[in-house]
Amino acid sequence: MDVTLVTTNPGKLREVREILAPFHAAVSALRRKLPEPQTSSLREVARSKLEAVSEVPGWVLVEDSGLFIRSLGGFPGVYSAYIYGIWGLDPLLELLRDRPRDAVFRTVAGLRYGTRTWYRLGECRGTIARSRRGTGGFGFDPIFVPEGKRRTFGEMTAAEKASVSHRARAMRSVGKLLVRETRSRARPD
Ligand code: IMP
């Protein structure tokens, strides 16, 4: 089935395409910058993104992600895009110099078909590296080491990142849902 992913981030598009391919979902991008409301909930952001593209027909997919650092009270969390935009990576590393480094990446995927909506959460626990490593991926990838691994997301191939990432977990759950829903729609009453 065809799915429209609303994003301006080519890194997200690449990942979502690869993750949903085994579920026979063909993902095309609608490059539209959507408003992100000031809220403490990724789900609320995903909901408002879906609402902002209510005219788009068919399967519509949005996602909102954030990096939550425990010793910073969950910062940057829902403000990750804003903080990444104004700081990049170094001030975050500086802030963490003498603090515990455990963190969790979260993605909330929002899916809509007609009047129905679904939300799926994916999480990946890990730690913030002492310095940036690797050039793969995007955003905070060079400083995030997933639990049980030594390398940062930035040092991994796309497939390695997808084997553990927050986005892959949320999107695989979306993939299963798409398969289930399209099968039930195809079934004669
Ligand atoms: P948003 O979902 O576009 O609001 O993303 C929040 C911020 O987190 C952006 O700066 C992204 O670049 C960053 N981000 C989102 N997902 C990932 C990821 O998988 N790896 C690294 N950074 C990410």
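Predicted model: local features only at pLDDT ≥ 70, side-chain atom pairs only at ≥ 80, totals over all residues.
Threonine 39 belongs to the loop that runs between E2 and H2. Its relative accessibility is 16%, and threonine 39 therefore counts as buried. Apart from neighbours within four places in sequence, threonine 39 is in contact with Glu44, Val45, Val78 and Tyr79.

Arginine 31 also has its place in the loop between E2 and H2. Arginine 31 is exposed, because its relative accessible area is 59%, and the cut-off for that class is over 50%. Its contacts, once neighbours within four places in sequence are set aside, are Thr7, Thr8 and Leu13. Between arginine 31 and threonine 4, which are 27 residues apart in sequence, the C-alpha to C-alpha distance is 9.9 Å.

## Helix H2 and its cover

Helix H2 spans residues 42-52. Serine 41 caps the N-terminal end of H2, with a side-chain oxygen 3.3 Å from the backbone nitrogen of arginine 43.

Within H2, the buried residues are Leu42, Val45, Ala46, Ser48, Lys49 and Leu50. An α-helix has 3.6 residues a turn, so residues three or four places apart point the same way. The cover over the buried residues of H2 includes strand E3 (59-69), strand E5 (102-113) and strand E6 (116-128). Val45, one of the buried residues of H2, is also among the contacts of threonine 39.

Alanine 26 lies in strand E2, which covers residues 26-30. Its relative accessibility is 43%, so alanine 26 counts as partly exposed. Not counting residues up to four places away in sequence, alanine 26 touches Met1, Asp2 and Val3. The C-alpha atoms of alanine 26 and valine 3 are separated by 6.0 Å, although the two residues are 23 residues apart along the chain.

Histidine 24 is located in the loop between helix H1 (10-20) and E2. With a relative accessible area of 64%, histidine 24 is exposed.

## Backbone geometry

Most residues other than glycine have a negative phi, and most peptide bonds are trans. Histidine 24, a residue other than glycine, has a positive phi, near 60°. Phenylalanine 75 and proline 76 are joined by a cis peptide bond, with omega about 0°. Proline 76 is found in strand E4, residues 76-77.

## The ligand and its surroundings

The ligand sits in the largest pocket. It is surrounded by 16 residues, of which the closest are Lys12, Ser65, Asp141, Lys161 and Arg167. At least two residues of this shell are supplied by each of E3, helix H3 (80-87) and helix H6 (166-186).

For histidine 166, the distance to a ligand oxygen atom is 2.9 Å. For arginine 167, a polar side-chain atom lies 2.7 Å from a nitrogen atom of the ligand. Taken alone, the ligand exposes 480 Å², and the protein buries 93% of that area.

Technical notes. Residues numbered from 1 in each chain as written. Heavy atoms only, no water. Helix = DSSP H or I, 4+ residues; strand = E, 2+ residues; numbered from the N terminus. Buried < 20%, exposed > 50% of the residue type's maximum accessible area, 1.4 Å probe, protein only. Contact = heavy atoms within 4.5 Å. Polar contact = N/O pair within 3.5 Å; in protein donor to acceptor, adjacent residues only side chain to side chain. Near = heavy atom within 4 Å. Areas by Shrake-Rupley, 256 points an atom, 1.4 Å probe, with all protein chains shown as cover. 1 Å grid on protein atoms, 1.4 Å probe; cavity = no way out; pocket = protein on both sides within 12 Å on 5 of 7 lines; lining within 4 Å. Sits in = over half its atoms within 2 Å of the grid points.
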